[in-house]
Amino acid sequence: MQEHRTPQKNLRLELLDEEQRRRVYIEHMKEDFPPAELKSLEEIEQGITEGCYRILGLMDQNEVIGYVCLVETKDACLIDYLAVIPERRNSGAGSEMLRLLEKRLQDREYVIVEVERPSLGENEDEVILRRRRMDFYLRSGILDTGIDVRCFGEGFRILEAKRNETHRRSDIIQRYRDLYQCTLPVALYGDYIQTE
């Protein structure tokens, strides 16, 4: 099913405060992402305290209708989690969130997305869901780098926002590793982040 492209007026991205982050985590993130892929709220808050993580809400007036979690270094950004609340899905809100995010991240040379590899889905429904997620980014102009990685045992494909120049594979992998190094203890990083 394709996303309906109804115009999204007056939507904006806004940095969420601690109470908003807690509510989004409990009410949405725990439902939207498998437990094996979801960082704990404590890990997220530590990353925010250390200045390498932030959560933005997609706001419709004063209501959070979507969210995006970002891991950041000086020149790179990883879209860690991105979702729209169930009641607003298939309305164009996700595409609008990516458009607003692209404007906000114009100064970053690398904007990286990791998506679960469709071919590794455990059943047909999961393969279809993973393919839909990947297609959402590709339709929005995010490029498939062809780079496969394993993160905490799960297989991902690395995508990258289009920039003025195409980045070399080795540079993308290095930025990806740098982004994870800023959020993981060294011991975990070495064991759980691998390129294929």
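These legends go with several close-up views of a predicted model.

Since the model is predicted, local features need pLDDT of at least 70 and side-chain atom pairs count only at pLDDT 80 or more, while totals for chains, interfaces and linings use all residues. Residues are numbered from 1 along each chain as its sequence is written, and side-chain values use heavy atoms, with hydrogens and water left out.

**View 1**
Helices (H or I, at least four residues) and strands (E, at least two) are DSSP runs, numbered from the N terminus. Walk along the sequence and you get β-α-α-β-β-β-α-β-α-β-β-α-α-β. The chain has 196 residues, and 48% of them count as buried; buried here is under 20% relative accessible area, exposed is over 50%, and partly exposed is in between (1.4 Å probe, protein chains only). The accessible surface of the chain is about 10,700 Å², with 47% of that belonging to carbon and sulfur atoms. Those areas come from the Shrake-Rupley method with a 1.4 Å probe; for residues, only the protein chains shown count as cover. As for contacts (heavy atoms within 4.5 Å), 64% of those in the chain with a separation of 6 or more join residues 24 or more positions apart.

**View 2. Val-84 in strand E4 (residues 76-84).**
Val-84 counts as buried because its relative accessibility is 8%. Leaving out residues up to four places away in sequence, Val-84 touches Ile-65, Gly-66, Arg-89, Ala-93, Gly-94 and Met-97. Take Met-97: it sits 13 residues from Val-84 in sequence, and the C-alpha to C-alpha distance is 8.8 Å.

**View 3. Asp-80, also in strand E4.**
Asp-80 has a relative accessible area of 9%, so this residue is buried too. Again setting aside residues up to four places away in sequence, the residues that Asp-80 touches are Lys-39, Tyr-53, Cys-69, Val-71, Glu-114 and Tyr-180.

**View 4. The second largest pocket, with about 160 Å³ of space.**
On a 1 Å grid over the protein atoms alone, a pocket is an open set of points where a 1.4 Å probe fits, with protein on both sides within 12 Å along at least five of seven lines; lining residues have an atom within 4 Å of a point. The volume is the space filled by probe spheres set on the points, which are joined across faces, edges and corners. Of the 14 lining residues, Leu-98, Glu-102, Ser-140, Ile-142 and Ala-161 lie nearest the centre. Helix H3 (residues 93-104) gives the largest share of the lining, 5 residues. By type, the lining splits into 7 nonpolar, 3 polar and 4 charged residues, where Ala, Val, Leu, Ile, Met, Phe, Trp, Tyr, Cys and Pro count as nonpolar, Asp, Glu, Lys and Arg as charged, and the others, Gly among them, as polar.
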